Every structure is written in C-alpha cells, then in structure tokens.
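Subject: Structure handover

Hello,

Here is the structure for you to look over. My notes follow below it.

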Amino acid sequence: MAMYQLKVQEPFRALFYAPFYAALARGDYAVEGVEVTLLPGAVPSLAKDSVLDGTADLAWGGPMRLLLAHDADPACPLRLFGAVVMGDPFFLVGRAPNPGFKLRDLAGMTFGTVSEVPTPWWTLQDDIRQAGIDPVAIKRITDQTMPANAAAIAAGTIDVAQLFEPLVSQAEASGTGYVWYAQASRGPTSYTAFYARNDVIAHNRAAMEAMVRGLARTLKWFASASPEEIVACIAGYFPGGDAALMARAIARYKSVQLWTDTPRFPPEALAQLERGMLSAGAIKRTPGFAGLVAEDVTESALG
C-alpha cells in the first residue's frame, strides 16, 4: 500500500516529456511509496493555476512560467525541484538540406516561429542576438501552429520553421524537411521540472522527496534504454502513435542530450533561460536560482 498520495498536473501531452510518462508507466514513484494521480492537461498556462489553487499538489512544466509569476509577484509561493528537460527541444527545419546554416542566415528568410508557447522564441532570439543579428529584423510568421508551419515548409511558402518532435521526424520521413539547427546546441536550458507551492512542499516533504527518488530511478533507466524500449514503455500515453517515428524522435532528443541523468537542477540551465527571457523583455527581474529552485528537496532525497 502506498504511503503517500499526490495529484500531479500534466501541462499538455508532448514527446519531450517522455521521462515523466516513463516514471508512471514503470511504477517508479510507486516503488518509493507514492500513489500518483495524473491530472491530464491541454493548456500549459493552466497547470500553474492548478497548483496555485490546490487542485494539484505539484505539476511538471516550464520554469519560464515560474519566472513570469515571480516577476509579476515577488511573493509568489511556487518553487522548482526535480530537473528533467534541461535542453531546448526545438529545431529549425528547412525544405532542403543546409549543412552550412548559421543563425545569421535567418536575416534573409521567412521564418515560421512557434505560436503555441513563447519559450522557444524567447530562447532563440537570444541566440540570434549573440550571432550579431537584431531579431526584430527577421521576417517572422508568428500566428501559425507548428503543424501549419511544417505544412508551409513542405509547400515551399516559408523558408524555415521552428518545430519539435515528432513533427521534425515526420518532415524528414516524408522528405519535406531537414534539420538546420538544434536549439539544444546552445547548452543547458531549463525547460521542464516539477514545481509546487512552498507550503505544499513543506507539508508533504517526505512525499516530494520520494517523487525525486522515483524520478532518479527513471532517469537512470532512461539514460541507458534504447529509443525502442522507451517508446514501448510510454506507448500507452500516445495511443495510435507511430512507434518507428517516435523512436526516431527519441533518438534525436537523446543525441542532443535533452534529458538529465539525475534530478539535480543545473544552475547554468536556469541562468540561460533567465538570460533569454530578460533579453526578450518577457521579465524585468528574476529571483535567481536560490529564490526559485528548492534544490534542498532534491539533495535531501538523493543524499
């Protein structure tokens, strides 16, 4: 019998969240004594609200949500712990191979950027600035979905699109798209971790630490598992998914070191995200690592 019960909010269903689904499918939280009730989600921004109002005990999602919340209210009670996606899962995809592509080349192109969530552009625009180009000068298509932009690449109506998996692998498999740039190549960037309210962490401290240990079990397995093994493990969360395509996508994400090997949160990953959001004007201040990450939960859990 489980010692603890926790409600965990999913922000939306995405392949780059694969370790979170694997942890549930493998029973790694249950082994540590936690019975998890997953609350499915479809709107990323609502996951934070679910945690704030007590519908969920914790959620996984983008640290950018917490940076926005702390910028708006320095007394925000939300804290991160349990790092998982510490690389950027987005790619720039064009209609034909372009092995010599540089970010400065975007200055003469029509570029379809992600409209569903803001982080991919916030982080990329900082890369573009570092390359010596003013992001404002780039001709961007900002109001189309990723599938629409992938279709536009196939049709030749835009030059390059910002996509995540499995759209990237779908484009490759159909011969309509090729990867020009992996946003993960900039280095660690914090994209997904657990988060909860301070008071909920304190009240359920043992359960939260057990979640971290369960996550550590998953990440250790994940690091050595083949893409095919991972897809077989999480298939129940992606009914009707193309197993071969998903394995190709997982292999690509592994190749760019998207996922951490342990739940410890790399400070440099948060610093990279903060820099992108500050340079984009998305936030004006940040609480910094110590003010945002409850790393003591992870350290206590793992010893």
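Start at Phe 194. Leaving out residues up to four places away in sequence, Phe 194 touches Val 8, Phe 20, Tyr 29, Leu 58, Ala 59, Trp 60, Arg 79, Leu 80, Phe 81, Gly 82, Met 211 and Leu 215. Contact here means heavy atoms within 4.5 Å.

A word on the source. This is a predicted model, in which local features need pLDDT of at least 70 and side-chain atom pairs count only at pLDDT 80 or more, while totals for chains, interfaces and linings use all residues. Residues are numbered from 1 along each chain as its sequence is written, and side-chain values use heavy atoms, with hydrogens and water left out.

The cores

Phe 194 also belongs to the largest nonpolar core, which has 63 residues. Phe 16, Leu 58, Phe 81, Phe 164, Phe 194, Ile 234 and Trp 259 touch the most other members. Helix H9 (residues 205-224) gives the largest share of this core, eight residues. A second, separate core has 38 residues, including Ala 59, Leu 92, Val 160 and Ile 283. A nonpolar core is a set of buried Ala, Val, Leu, Ile, Met, Phe, Trp, Tyr and Cys residues joined through side-chain atoms within 4.5 Å. Buried means under 20% relative accessible area, exposed over 50%, and partly exposed in between (1.4 Å probe, protein chains only). Helices (H or I, at least four residues) and strands (E, at least two) are DSSP runs, numbered from the N terminus.

The sheet

Five strands form an open sheet in the order E7-E6-E8-E5-E9, with mixed pairing. Two strands pair if DSSP finds at least two bridges between them. E7 (139-141) and E9 are at the edges with a single partner strand each, so one side of each has no neighbour in the sheet. From one strand to the next, the twist averages 30°.

E6 (residues 110-112) and E7 run parallel, joined by three bridges. Gly 112 has Ile 141 of E7 as its bridge partner. E5 pairs with E8 in the antiparallel sense over four bridges, and Gly 94 stands opposite Val 160 in E8. Four bridges also join E5 to E9, again antiparallel. There, Val 93 stands opposite Val 179. E5 is covered on both faces: Phe 91 and Val 93 on one side, and Leu 92 and Gly 94 on the other, are all buried.

The helices

H5 (residues 119-130) and H12 (residues 267-280) have axes that come within 8 Å and cross at roughly 85°. Axes are lines fitted to C-alpha atoms, for helices over the stretch in contact, and angles run from 0 to 180 degrees between N-to-C directions. The residues of this contact divide into four nonpolar, seven polar and three charged. Ala, Val, Leu, Ile, Met, Phe, Trp, Tyr, Cys and Pro count as nonpolar, Asp, Glu, Lys and Arg as charged, and the others, Gly among them, as polar.

In H7 (residues 167-174), the buried residues are Leu 167, Val 168, Ser 169 and Ala 171. They pack against E5 (91-94), H6 (146-155), E8 (160-163), E9 (178-182) and H11 (243-255). Gly 175 follows H7, with a positive phi near 75°.

Ser 115 lies in the loop between E6 and H5. Its relative accessibility is 34%, so Ser 115 counts as partly exposed.

Best wishes
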